[in-house]
Amino acid sequence: MEGQSNEDSISAIKEMKQQLESRAETLHTTQLDIIASLETLAPGIVSSLDLSLKTISAFNDKPYTPLSQILPSKPNCLIKPHIPKFPLDNNNNSNNNNSKVPVSKPSPTRELERSSLLDESGGPLSVVRSMVAVCLLERVPFNPIDSSTVLRKLENDSSATVAERAALRELGGESGAILAVEMALRSIAEDNGSVELEEFVVSGKSRVMVMNIDRTRLLRELPETKQLNEGNSNSTEVGRSVESGGGFAVQDMWMGGGQPPPMMMMGPRGAGGMGPRGMGMIGVPRGVGVPPPMHRQVPTLVKPRTEEDDMKDLEALLNKKSFKEMQKSKTGEELLDLIHRPTAKETAVAAKFKSKGGSQVKEYCSALTKEDCRRQSGSFIACDKVHFRRIIAAHTDVNLGDCSFLDTCRHMKTCKYVHYELDSTPDVSSMMMGQNSLTPQKSLKPQSAHYCSEVELGEPQWINCDIRSFRMDILGQFGVIMADPPWDIHMELPYGTMADDEMRTLNVPALQTDGLIFLWVTGRAMELGRECLDLWGYTRIEEIIWVKTNQLQRIIRTGRTGHWLNHSKEHCLVGVKGNPEVNRNIDTDVIVAEVRETSRKPDEMYAMLERVSPRTRKLELFARMHNVKAGWLSLGNQLQGVRLVDEGLRARFKAGYPDVDVQPTSPPRVTSSTPMEVDIKPSGGTHFAEPT
């Protein structure tokens, strides 16, 4: 029995030797093909290798054959060679005291499985996976990329081999190469989880987006890395078997028969040789920091995924909001912000209850008196908080401290304790501030409306602008303002309208401190107009009615406005601010005039306003070119450019809007130097004397 077991061991060792020699021969042929293909890419590499091999052969006293004599004429790097693996079953027999380790013969089933794995690793899917892995690894730094962009990069890659392009077509089939790329991405994600994918739909078609990659795991998809791993494992197995079984060495394998010494050359993806796709001499892609195989660290064991991990990932994926849900959430947040934002009316109502000049509530100082406050702060001036002052009378004993009753003490005139009162005296006197205390401070008079100059009385002025955003503060003060706003009356109109809040927030208060405003309203804008007058600081005092007539001077019965009845009239609300000097009771509140262009008001209105407030500056808001009048400044977005004749107004406008052209280039000058005389009688009526 013992002799038969020895014969079995010897036969097994011989079989292993034959397999090792066959594997070495196959690797040698593959490396020759690699070197031949490298010569086409990098001329002169064969001569460099010859010099190195000659030196190594001389050192080992082995015969040397130049590579040029043994290299194939046409390298075949597109077909991955079938490299047989060395089968070993390390079944150590602890009961056997002998150093011999019996090696079992490989079963046909295991050989079939290994050959099928090799065939699968060299198939189209493996090639496409390697192509996709290189494409993703070259993105430094990595940014999310979709499958269609990956396909375009692969198709536009000039260094792609014929076999790689054929693998794309073969794997994609009738669905196209995009299916091959997506299959490779999903396969990589399922095998080692080195890519993080996310599905999205474009034009009804499902696509894959690569959100993130794990470079360490993704490097395993490269065929060079696979060969390194296989080579290391095979060399480890062979070393163990030789040490325990036969004791033969394989270090002279590459030196016999004039064959070159071992030099590991990595091949292209899925081909077994080295391709031109950006690989170095050790098969490392450009831009990827991978240590050389000789210094490679032992890979850490990856914890296998459990069903619980899969359920957690699935739950996280289900809880993640889709793009449509995120858009709906964003829209809902905008609606909530719009709903919670206070309107102009609410802001105005809240402003009514605010204290004039800001909050009047002040905090008491913890130091009580100004002397103690200055002492604690180390300053010469006390803080702005409320302080008290000690009441020290002739009978007061400071050593007794404060009175328990303080200001409620009934015997304050005789109480010897210290009492307090509010200290309203200024901390710093007016003399110390550089002011003369003997001169009382004069109260400022409110600015009255300016009167027109001679140039303004004889020339019309206008500004084409958006009244909602125009700087009203550069226009100055006016005695009369007339406005015909484009109210939103919920009807179809031949012009654009303004929202209610836009009307409420117009900067009309900056135009007048003392004067009259005439606001045209109609339909639902009648109540809104009264509200705007109140918000702008006006008090409604009158209401003018314009009765509309047609060409035959008959009342119009087919008005264009009105929800229930046809409107044959328009209303003009009259508001007053401050204490203007105007002529009263010289006109009526009814105007009967003919209807002309859209929104054009009767000319009688301008004459009446001139009689009510003669020679004052007048402003018309929302005007058109047919509204411009001498002595008036017109504002609107349907006017032609900017025309200003008053020098002061021109200067202020150019300072605020330097890029806008102002006409005329040279404004007209006043021909008469006689000043305008104004005679104001005590009765309150204002009478004007024309210049002589």
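Modeller: Helices (H or I, at least four residues) and strands (E, at least two) are DSSP runs, numbered from the N terminus. Keep in mind that this model is predicted.

Colleague: Which residue does a cis peptide bond join to Val140, and where is the place of Pro141?

Modeller: Omega is about -5° for the bond from Val140, and that bond is cis. The residue joined to Val140 is Pro141. Its place is the loop between helix 5 (124-137) and strand 1 (145-146).

Colleague: Where does Pro664 lie?

Modeller: The peptide bond from Gln663 to Pro664 is cis, with omega near -5°. Pro664 itself lies in the loop between helix 19 (647-656) and strand 16 (677-680).

Colleague: How many disulfides does the structure hold?

Modeller: A disulfide is a covalent bond between the sulfur atoms of two cysteines. Here, a pair counts if the sulfur atoms are within 2.5 Å. For Cys383, the nearest cysteine sulfur is that of Cys373, at 3.6 Å, and Cys383 is in no disulfide. The number of disulfides in the structure is zero.

Colleague: Is Cys452 buried or exposed?

Modeller: Buried means under 20% relative accessible area. Cys383, at 31%, is partly exposed. Cys452 has 5% relative accessibility, so Cys452 counts as buried.

Colleague: Which residues of strand 8 point the other way from Val480 and Met482?

Modeller: In a regular strand the side chains alternate between the two faces of the sheet. Strand 8 covers residues 480-483, and Val480 and Met482 point one way. These two and the residues pointing the other way are all buried. The residues pointing the other way are Ile481 and Ala483.

Colleague: What is the bridge partner of Met482 in strand 9?

Modeller: Strand 8 and strand 9 (residues 515-521) run parallel, and four bridges join them. The partner of Met482 is Phe518.

Colleague: And what is the bridge partner of Ala483 in strand 13?

Modeller: Strand 8 also runs parallel to strand 13 (residues 618-621), again with four bridges. The partner of Ala483 is Leu621.

Colleague: At what angle do helix 6 and helix 8 pack?

Modeller: Helix 6 (residues 147-155) meets helix 8 (residues 177-192) through residues including Val150 and Leu154, with Val181 and Leu185 among those in helix 8. Their crossing is right-handed. The two helices are roughly perpendicular to each other. Their axes are 9 Å apart, and the angle is about 110°.

Colleague: Within what distance do the axes of helix 7 and helix 8 come?

Modeller: Leu168, Leu171 and Gly172 of helix 7 meet residues of helix 8, among them Ala177 and Val181. Helix 7 and helix 8 are roughly perpendicular to each other. The axes cross at roughly 90° and come within 7 Å.

Colleague: What is the phi of Leu406?

Modeller: Leu406 sits in the loop between strand 5 (386-391) and strand 6 (419-422). Leu406 is partly exposed, with a relative accessible area of 36%. It is not a glycine, yet its phi is positive, at about 50°.

Colleague: Is Phe622 buried or exposed?

Modeller: Phe622 is in the loop between strand 13 and strand 14 (632-636). Phe622 is not a glycine, yet has a positive phi of about 60°. Its relative accessible area is 16%, so Phe622 is buried.

Note on methods. Residues numbered from 1 in each chain as written. Predicted model: local features only at pLDDT ≥ 70, side-chain atom pairs only at ≥ 80, totals over all residues. Heavy atoms only, no water. Buried < 20%, exposed > 50% of the residue type's maximum accessible area, 1.4 Å probe, protein only. Pairing = 2+ DSSP bridges. Axes fitted to C-alpha atoms, helices over the stretch in contact; angles between N-to-C directions. Parallel < 35°, antiparallel > 145°, perpendicular 65-115°, else oblique. Left-handed = near helix turned anticlockwise from the far one by under 90°. Contact = heavy atoms within 4.5 Å.
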